[in-house]
Structure formats: C-alpha cells, structure tokens
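Have the structure open beside you as you read.

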Amino acid sequence: MPLAPLFKQVVTYFALSLGVLFLVGCSSSEERAENHYKRGLELVEEGELTKASLEFRNALKLNSDHVDALFAFGEIQERQREIQAAYRVYTAVAEQDPNHIPVRLKLTYMLLSANQTEQARKFLDEALALDAEAPEIKVAKATYELKSGNHDAAEQIAKEVLKAEPGSKEALVVLASSRIAAEDPAGALEYLDSASEEGKDDIGFQVLRLSVLETLGDDARIDESFADLVERFPDTPQFNQTWTQWHLSKGRTDKAEEIIRRYAADRSDDDVAQLNLVSFLISRRGNDVAQTELETIIKTRQEAGGDAFPFKVALGQMHFVLDKQDEAIDLMRTVLSETDDAEQKNQARIVLATMLIQNGNYARADELVNEVIEEDDKNVEALRLRATIKLSNNDSAGAVDDILLSLNEAPNDARLRVMLAGAYERNGSTILAEEQYAKALVLDNNSPEAGLPMVQFLFRHGKAEQAERVLESIRERHPTNRQVLNLVAQQRLARQDWVGAQEIADILRNTDESDNSAFADRITAAALGGQDKHDESLDLLKNSMTTPEDEARLLPDLVRAYVQAGKQGVAIDHLNSVLAKEPDNVLAQVLLGSVVLSEGRTEEAEERLKSAAAIEGSVLGNTSLAQFYFATGKLEEADAAIRSGLAKDENNTALRLMLTSVLQQTEKFDEAIEEYEKLFKADPDSTIVANDLASLLSERRGDEASLERAFEIAQRFRTSEVPHYVDTLGWIYYLRGEYSSALPLLRNAAEKLPNLGLAQFHYGMTLAALNQKEQAITSLEKSLDLKTLMTEKDFELARSTVERLKSPEPQTKSN
C-alpha cells in the first residue's frame, strides 16, 4: 500500500482537530456579549466546539458588530468542515472590518485550495496593503505564486521570509512544495530538515516530510520518522496507526504487530490502545487470537482492580458477530448487572438492546432503550434505537419524531439523516426523504454509506438518470470501493455500455483486494459476450478458473457464455461433468435444467429441476422449479414447490413474491394480501411490495379500512417517476372519491403508459367522474381496444360507462 492515502487520512484528521486561532481581542460596550465571547474562547480551548459556537452566536445576537465573535464562529465552522458556511462568515468579517488581516489570510488560503486564484488575489492584495512586510502575509503571497505556477517567485519570497525569520516552517513548506513540484524530493527534504525544533513539532509539517521520504523510497528513514513522531506526539494515536498500516502495506505483519503491541503495552490504562490491538488481531491473526487477547486484558484489569467494562462489552460484541448470540446476550446481561456506573449501565443497555433487535426481540429491546431515555432523554443512540423499533412496528411517524430529537443533538450525523430519509419515505413524504438523503451525502463527503441508500431510493422511484449521477459522484470520491464499482458496472452492462463496463473491470484489477480480479473477469466476460465476442469471453472465464472456489463462482457465467455462443451442447457436457463429481450441486442441476429447457426439452428440464428441489439445505431448486411451473401455467404445482421451499426458509423473499403471484392468478386475494403484509413488514422500503399491496387492498377488498391502509402505503408514490406506482396512488384517490386529486396523477400515468389498458381505464373513469365526457370516451375506448391488465369487471365497467356517456341526455319537460 502506498503511503499517500495514509498521509491523507492523517492530514484530514488534524485539519478537523487542530488549527491556529487568530483571535483578536476588542473592547465592547455590551458586557453580556463580551462575556459570551470570552466564554466561547474558553470552550474552544477545552475542545467544546459546539458549545463554543452557541456562545459566539449569543454574543452576535446581543451585538451584531462583534467582529471577533463572528470570526471565531467562522473558525469553528471551518474546523467542523462546514467550509461554505465558514467562507460566508469570513466574507462578512472582511466586509465589517477592512483592517482584519487574519480573515483576509483565511480567505486567501480557502480560495487557493479551491483553485480560485483570481478571487484569492483580491484578499491577498488587501492584506498586503495593510502590512506588506508581515512574514505571514509574505508567506501567503509565496503560496499564491506557487499555486499560480510561478515557482521562482514563490521561492524568492519564501527565502526573504527565512532571512527575517530563520527556520520559519511556513516558508520552508513553500520551498519544499516548490521542490516537490519540480520533482526534486531531495531538495525538498533538505529544506524540511533545516526547520527549527519548534517547526518540527508541527504535525502538518511532519506529514509533508513523510510524504517526501516516501517519494524517495527511503524506508529506513520513514521508520525512524514514525518512531520519532510517536514519541514527539504521544497523545496522537493516528501516527502509530499509520506506522502500523505502512508496515502492513510492505507485507511486514510481524513488525506491524510489534509496533501496535508496544504502543498498547506502554499505555496499559488506555482503553482505545488496547481495543486497537484487538481490532488488529481480528483482521490479521483471526478471531481466536483476538478473543484470547481480550480475555487476557479482562483478567489483567480485574486482577489489578481496574475497570474491564469496555473489554467485556467488546467480547460480547465479538461473540455476537461470530454467531454466538446467546452467549453474547448472556454476557451483556451479566455486564449490565455488575456495573453501578450510570453511564456504563446505559451503554450496556444500548449494546444489549442492539443485539436483541437483531434477534427480533423488540419488546425487551424497547424496555432497555426506554430505561436509557428515562435517565437521559437526549441520548442519541437510544433515540435512534427507539426509532428503529418503531419502524419495525410500521410507526414511521413516531420514528421521525425520535430521529429529529436525535438530530437536535447530532445535526451532522449522516447515519441519522439516512435513517430519517427512510422513515420519511415509508411515511409517503418522498420529497422530504430525498432532501435528507442529499444532506447525508454532503455531510459524509459522498461516502458509499450515505450515498448508496440515496442511489437505491432514486432507482426505486424511477429516477435512473439522477441515480447514476449520484453514483458517479460517489465513485469520484471513492474510486476503488468495490460495492460502488459493482453497482456502476451493473448499470453499464444493463444499458449495454460495454466499454464503460470494461473500464470498471480494469479499475478492479488494479486494486489491492485479492478477489477483485475474479470479479473483474466476470464483468469483462459479460461485456465481451454483449459484443458477440463469445470465444474471447469463454477463454477469459476458463483461464480465471484456477481454484475450485473460482470454478464454483464462475460456473453461471461460463454456462451463460456457452449459451450466448450457441454452444448449448458444450454447456450440458460441462454441467454433467460437474454433477458427476458433485451430484448434490444444486446450482449445476438448476443450470442444466435451464439449458435443456432452452432447447425445448421440457420434460427433461422438469426432472432436472425436481432433482434440484429435492436436495436438502437449499431453496434455489424450489425457486427454479416454481418459476418453471408458473411459466408453464401449472399453478397448483408451482404453489406446492413454493411452499416446500418456504418450509426450508420461511423468510425467503423471492419465494414469497412468487407465492403472491400464484395466489392472485388463482384469485385467492385475501391470502395474497396476507403474504404481501408479511413481505411489507420485513421490507417496508420495497416499492414493488408497497405498490402491489396497496393495489390489492384498494381493488380486491375495497372496504373503508383497507382503502385507508392502501392510501397510507401509496402516499410514497406521489413524486415517483414510475408511472405504474403513480397510477396506483391516483386510482386510490379515485376510489376515495377525490377525483380532482386523482386526475393529474392518472393523466401522468396514462401519458407514460399509452399501451397499458388499465392505465387508460383509470384515467378515463376519472375524466367521466369529472364530467369531461369527450376525453373520457376517448380514453375508455382506448382501454377497451388494449385490454392489458384489465379484469372482466374493469372491461365491463369501461364499456357501460362509454355507452352511458354516448347516450343522449334525457330532455326535461317544460310546463
């Protein structure tokens, strides 16, 4: 692993946690404002940035001209990564105080970082006009020249600063950066090594020096530098972690373990250091070694009379992840009963409640969470868990309330924003949902964790172009994230962008993850097949099958490639050879059934799929057999195959969805609704399930309670781009007698589904209800011609309505 990404992590951390404050005192006539300001400065020193921000706000409410409070407020926003907000505040400071040098330097550096050199020059010139000889202003000018590509001018100015202030780290950084740009890392290192001891205590300075050493490939000095940094900055664990990662990138696991163990041993009372060691062992030595280490730490702490609470919690969480769930829950119950510390009790309750939620024990989890909230009604994690429980009970409105309370305490928590978006979507407020997804994306810097839920939301609601734009923005920030690359590749393959898919495959091959190469081969093979380059696709897949695991993983791709190439016979021979070695290979049986079916050998296909379904431990055979029966119109057999599969896995979504189709085809609508309710409870975010359930409730039951439930579920489709979903909501409005609300939705659906008889029928009936006869007749007659998805009842109602609308109105007699 190269050092650059590791250095970037360190720089990012210190940009958030440190920074020089240019706080200029001033005298104010409003004593209360000044008191708030001074208290804010104290809180900044204590690291309480949120509370400090509130104090500065209070000062500004009392005295809007308090420039120092405004500047300090801007600095907090900058440290909290609210860069645009900080820029606006700094601009206001500059406008209010034409002699404020620090804010002009801030604006200069911010604009240079954004490559806006012309705007930066304006504020730099203002600072130079105030004091052209100030070293910090001259360094800013040198930085400007460097950014503008004028390296000679930048170096000349920086050297002038060094004459006035020998050892100035700011000037040396400019000179070193200029040498780096000139591809002279040795010269850059010479400048950096001439810094004063005070300069060497600057973290950013040391990170730059490490990057130069990496460019030079001087591993020995890098190792020495890390050792010096860990000693120089003992309260900064990021250096030790980066040192460890650097050794791992060089394949030196033993050395990495030695470093992290020594760091933990020197800090035996530091819980974080001990837990970092455990995390390292989990990832590099395995769970058994990590568990032994945890148990040793717990024993050592207890024998010394220390607090082993965090390590017992970690052990419980480890048990839970390793599927020792009962053991984990029992341990957490013991931990909860043993501690008398109120804060620890609440933490134990939250961990235990999280486990119980994952186990489906929502009632007991709810009790634990409410115990926490009774003692701390602003506990963010407890409120989040209570919202999770409410969502499981389909109480999306109640969940929204709890999440909003959490956000009052943690407004920049992207995870909470994503959760709020999901709750809004379930509640039918899709506009609010999209807004929260967008906020989460910004807060978390386009991370996959915040961004992919938004992408899935947009796809669910038919906004494919917008979804792909968001996906690309995530990929720009996280160019090697496999989950993101996978989704991008699938989208490109779906729209037959073979070159674009190949681009993603090449990126995957160049990443460090060992199994990405096989995954890349699958993408390339699919792209080649799509371009009718079947022989190349087959050769690639065969060459990729170097291990039994590869053969199993690539079997469906290989069979698909054979079929695309018209080599069904070869595919059948290959599958038979697999089954000769592994008779109970369900996937091979299913694939063989599919291939022989493609050749029209229906009876043989059925026998193969029956054999697959008979194999214990897998529902794939049942699923495939049920699909076969459904496609061939054997609904009774399909029902039996599905129920046999559900006996193996009652939570299998694919089987339950097929069951709903079979039940509807056989007009067992109440049973279908019952199955959809189970599916909806398991996944309330599924738009397909929500749409189908709302349709069945409104059209097949139609009583007031069912209609109201359908309306509640379908509210999410108000702004959907999927016309079928819009049609569902519009027709529910019609059934509720709200024809004016139904009309724009059903018009939209009918326009986008011109060949769907049911959409034309719904639109026509609404027009008829609003007495728009000519348009109603046109739409209804179109539905009678198309008939698609219309029941006999629908067809008869459309026909009789057209007759009624065409018949002349009865004449009234006059006296």
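The count of cavities of 30 Å³ or more comes to 1. A cavity here is a set of points, on a 1 Å grid over the protein atoms alone, where a 1.4 Å probe fits but cannot get out. Before looking inside, please keep in mind that this is a predicted model, in which local features need pLDDT of at least 70 and side-chain atom pairs count only at pLDDT 80 or more, while totals for chains, interfaces and linings use all residues. Residues are numbered from 1 along each chain as its sequence is written, and side-chain values use heavy atoms, with hydrogens and water left out.

The largest cavity holds about 50 Å³ of space, where a volume is the space filled by probe spheres set on the points, and grid points are joined across faces, edges and corners. Its lining consists of P237, N240, Q241, I260, Y263, A273 and N276; lining residues have an atom within 4 Å of a point. At least two of the lining residues come from each of α15 (237-249), α16 (253-266) and α17 (271-284), and α15 gives the most, with 3 residues. Helices are DSSP runs (H or I, at least four residues), numbered from the N terminus. By class, this lining has 4 nonpolar, 3 polar and no charged residues. Ala, Val, Leu, Ile, Met, Phe, Trp, Tyr, Cys and Pro count as nonpolar, Asp, Glu, Lys and Arg as charged, and the others, Gly among them, as polar.

Now turn to the second largest pocket, which contains about 810 Å³ of space. A pocket is an open set of points with protein on both sides within 12 Å along at least five of seven lines. This one is lined by 29 residues, and Q664, D692, S695, L758 and L789 lie nearest its centre. Helices that each supply at least two lining residues include α39 (653-665), α40 (669-682) and α45 (757-769), while α41 provides the largest share, 8 residues. The lining of this pocket divides into 13 nonpolar, 10 polar and 6 charged residues. Domain 2 (567-666) and domain 3 (718-805) each contribute at least three residues to it; the domain bounds come from an automatic or database domain assignment.

Finally, how do some of the helices pack? Two packed helices are described by the angle between their axes and the distance between the axes. The axes of α18 (residues 287-303) and α19 (residues 309-321) come within 9 Å and cross at roughly 155°, so these two helices are roughly antiparallel, a term for angles over 145 degrees. Axes are lines fitted to C-alpha atoms, for helices over the stretch in contact, and angles run from 0 to 180 degrees between N-to-C directions. For α35 (residues 586-598) and α36 (residues 602-614), the angle is about 170° and the axes are 8 Å apart.

Notes. Parallel < 35°, antiparallel > 145°, perpendicular 65-115°, else oblique.
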